[in-house]
Amino acid sequence: MKAVGKLVGVSALALLISDCGARQAGGEGPAEGEPSLEVTLQVENQNFYDARIYLLESGTRTRLGNVPGNSTRSFRFRSRTNAARFIIDFVGGGELTTTSVQVSPGDQLVLTVTASSHRFRFRS
């Protein structure tokens, strides 16, 4: 597994990319004939708050799922663009948006949400 040298995030968040092959993405995909990026996102929530995770593209939020406090979950999605941003919505604790990260087909993203991430209430 070759790690791409990117670390993107908002203060206490870390988003890493590696070249691992992803399986078929689930959820809503692009219309027929449009290019698609199949990406896997692993979210490690080190926070006590449960977090709802959204993919943000072209101003539209697509809910990927929930990650309970102190747990890890994986999500697969198709992106219509080559850049991904994520919203971390803490249940009862605020919301964060990551900076944009470039993605390629088969990328595996790792998003680490630290114990103090819920204290930040801004978007980047």
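## Overall architecture

In this protein, 64% of the contacts with a separation of 6 or more are between residues 24 or more positions apart. The model you are looking at is a predicted one.

Of the 124 residues, 43% are buried. The accessible surface of the protein is about 6500 Å², and carbon and sulfur atoms hold 48% of that area.

## The nonpolar core

Let's go inside next. The largest nonpolar core has 20 residues, and the members touching the most others are Leu41, Val43, Ile53, Leu64, Phe77 and Phe86. Two or more residues each come from strands E3 (37–45), E4 (51–57), E5 (60–67), E6 (71–79), E7 (83–90) and E10 (108–113). E7 gives the most to this core, with four residues.

## The E4–E5 hairpin

Strands E4 and E5 run antiparallel and are joined by seven bridges. Within this pairing, Ala51 sits opposite Val67 of E5. Two residues lie between the strands of the hairpin, where Ser58 takes a positive phi near 50°.

## A buried serine

Ser79 is worth a stop if you like polar groups in buried places. This residue belongs to strand E6, and it counts as buried because its relative accessibility is 0%. The side chain of Ser79 makes a polar contact of 2.8 Å with the side chain of Glu57. It also reaches the backbone oxygen of Thr81, at 3.0 Å.

## Two salt bridges

Side chains of opposite charge can pair when their charged atoms come close. How many salt bridges does a search of the whole structure find? There are two.

One of them is formed by Arg52 and Asp89, whose closest N and O atoms are 3.3 Å apart. This pair links distant parts of the chain, with Arg52 in strand E4 and Asp89 in strand E7, 37 residues apart. Arg52 is partly exposed, as its relative accessible area is 25%, whereas Asp89 is buried at 13%.

The other joins Glu95 to Arg61, with 3.1 Å between the closest N and O atoms. Because Glu95 lies in strand E8 (residues 94–97) and Arg61 in strand E5, this pair ties together parts that are 34 residues apart in sequence. Glu95 has 19% relative accessibility and counts as buried, since the cut-off for that label is under 20%. Arg61, at 37%, counts as partly exposed.

Terms used: Residues numbered from 1 in each chain as written. Predicted model: local features only at pLDDT ≥ 70, side-chain atom pairs only at ≥ 80, totals over all residues. Heavy atoms only, no water. Core = buried A, V, L, I, M, F, W, Y, C linked by side-chain atoms within 4.5 Å. Buried < 20%, exposed > 50% of the residue type's maximum accessible area, 1.4 Å probe, protein only. Contact = heavy atoms within 4.5 Å. Areas by Shrake-Rupley, 256 points an atom, 1.4 Å probe, with all protein chains shown as cover. Polar contact = N/O pair within 3.5 Å; in protein donor to acceptor, adjacent residues only side chain to side chain. Pairing = 2+ DSSP bridges. Salt bridge = Lys/Arg side-chain N within 4 Å of Asp/Glu carboxyl O.
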